[in-house]
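Please look over the sequence and the model before starting, and try each exercise before reading its solution.

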Amino acid sequence: MVRAFSGIQPSGTPHLGNYLGAFRRWADQQQADDLYCVVDLHAITVPYDTQTLRAQTVDLAAWLLAAGLDPDVCTLFVQSHVREHTELAWILNCVATTGELSRMVQFKEKSKGQESVSVGLFDYPVLQAADILLYHADEVPIGDDQRQHLELSRDIAQRFNHRFGETFTVPRPTFPPVGARIMDLQLVDNKMSKSETSPQGTIDLADDADATTRKIMRAVTDSGSEVRAAPDKPGVTNLLDLLAAASGASVDELERRYEGQGYGTFKRDVADAVNDALRPVRARHAELIADPAALIGLLYKGADRAREMASATMDTVRERVGLLR
Ligand code: TRP
């Protein structure tokens with residue numbers, strides 16, 4: 001059995017790129033051994049608001065469930081509910097080096113121009129390694145931006161095994177297929193990301209159908225009028241990828257279907273397909289979020305399951321590194 005583990009931060013608002021690139025992919029592939037984690041401890045490495053964090057943690061869990069992660073199949077939980085994550089992170093801190101952490105591109109980007117940078121932000125990739133290694137995950141489905149962090153997790157696992165004896169599974173990353181990367185509708189060279197930076201270019205899962213349609217109708221296209229995927233047509237290519245992802249048709253098929261038609265009908269169809277795909281997810285999210293107590297109950301159960309595995313790993317780790325039992 002191959003075990004997958006992945007995590008997502010409860011910061012900002014989840015958007016269509018998260019859904020198509022991560023949530024739906026995780027839900028489609030989920031198996032009994034898999035774990036999915038809302039990583040709230042990673043979210044506190046940069047300035048944040050405490051009440052917002054709590055609300056976003058619950059909200060993100062609701063989106064993951066609405067997207068199809070099934071707590072009867074896999075384990076969905078909140079990172080801070082399983083204290084072993086922070087404990088293992090400390091021990092791995094003594095295996096990772098400041099040199100390798102200093103080379104992390106995401107740290108350099110996130111700390112650039114900040115007047116005060118937390119030690120937590122620097123240490124973020126070590127906590128991420130702990131997340132993964134605690135559960136002996138074989139596969140870690142991630143986006144391209146997490147490649148370097150995964151490489152570090154592998155290095156830490158190997159170094160630990162070498163120093164203290166075979167303990168951790170060395171995880172391998174898996175990436176979404178090409179075309180699953182959804183770009184911003186306005187800034188077509190950027191990946192779709194948090195709506196604070198590009199409200200018109202980002203489709204939030206929480207947007208209603210009208211807002212979704214409006215944003216897609218106003219999406220940047222390219223000069224010319226052909227509905228065709230090409231490097232010099234990033235806007236149209238992105239919309240084709242979106243329609244393919246939302247409808248299940250291939251890009252080739254879609255190019256044929258829209259031959260000789262203008263951008264207007266095409267965009268209208270993209271908007272309809274996206275709204276059709278999101279409708280049941282949005283409805284399920286609304287139901288879940290209406291009963292936060294039940295939702296949090298599910299997360300506690302997930303944490304109980306995760307903790308069983310995590311504490312067994314920590315027994316071994318404590319032994320291996322020479323802590324007194
Ligand atoms: N750093 C990841 C991101 O920003 C989130 C994350 C935390 C994660 N722990 C993880 C992803 C463990 C995969 C596995 O996307």
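This is a predicted model: local features need pLDDT of at least 70, side-chain atom pairs count only at pLDDT 80 or more; totals for chains, interfaces and linings use all residues.

Residues are numbered from 1 along each chain as its sequence is written, and side-chain values use heavy atoms, with hydrogens and water left out.

**Exercise 1.** Describe the overall build of the protein, and find out why its radius of gyration agrees with that of a compact globule.

Solution. Begin with the secondary structure, which comes to 13 helices and five strands; here helices (H or I, at least four residues) and strands (E, at least two) are DSSP runs, numbered from the N terminus. Next, take the radius of gyration over C-alpha atoms and apply the globule rule, 2.2 Å times the number of residues to the power 0.38. For 325 residues a compact globule would have a radius near 20 Å, and the protein has 21 Å, so the two agree. Along the principal axes, the C-alpha atoms fill a box of roughly 75 × 45 × 40 Å. Finally, consider contacts, meaning heavy atoms within 4.5 Å: among those between residues at least 6 apart in sequence, 75% join residues at least 24 apart.

**Exercise 2.** State what percentage of the residues count as buried.

Solution. A residue is buried under 20% relative accessible area, exposed over 50% and partly exposed in between, using a 1.4 Å probe and protein chains only. By this rule, 49% of the 325 residues of the protein count as buried.

**Exercise 3.** Examine the aromatic pairs, and classify the pair formed by Phe107 and Phe122.

Solution. Rings of Phe, Tyr and Trp (its six-membered ring) pair if their centres lie within 6.5 Å, and planes under 30 degrees apart count as stacked, over 60 as edge-to-face and the rest as tilted. The structure holds eight such aromatic pairs. For Phe107 and Phe122, the ring centres are 5.1 Å apart and the planes stand at 70 degrees, so this pair is edge-to-face. Because Phe107 lies in helix α6 (residues 105-111) and Phe122 in helix α7 (residues 119-133), the pair ties together parts that are 15 residues apart in sequence. Both Phe107 and Phe122 are buried.

Tyr258 is buried, since its relative accessible area is 4%, and Phe266 counts as buried at 0%. Elsewhere, ring pairs link Phe5, Phe77 and Tyr135 into a cluster.

**Exercise 4.** For Gln106, Ala273 and Thr313, find the helix, the burial and the contacts.

Solution. In each contact list, residues up to four places away in sequence are not counted.

- Gln106 is found in helix α6 and is buried, with a relative accessible area of 17%; this residue touches Tyr124, Asp145, Gln146, Gln148 and His149.
- Ala273 belongs to helix α12 (residues 263-289) and is buried at 13% relative accessible area. Ala273 touches Leu243 and Ala246, whereas its C-alpha atom is separated by 21 Å from that of Trp26, 247 residues apart along the chain.
- Thr313 sits in helix α13 (residues 292-321) and counts as buried at 5% relative accessibility; Thr313 touches Leu133, Leu134, His136 and Phe168.
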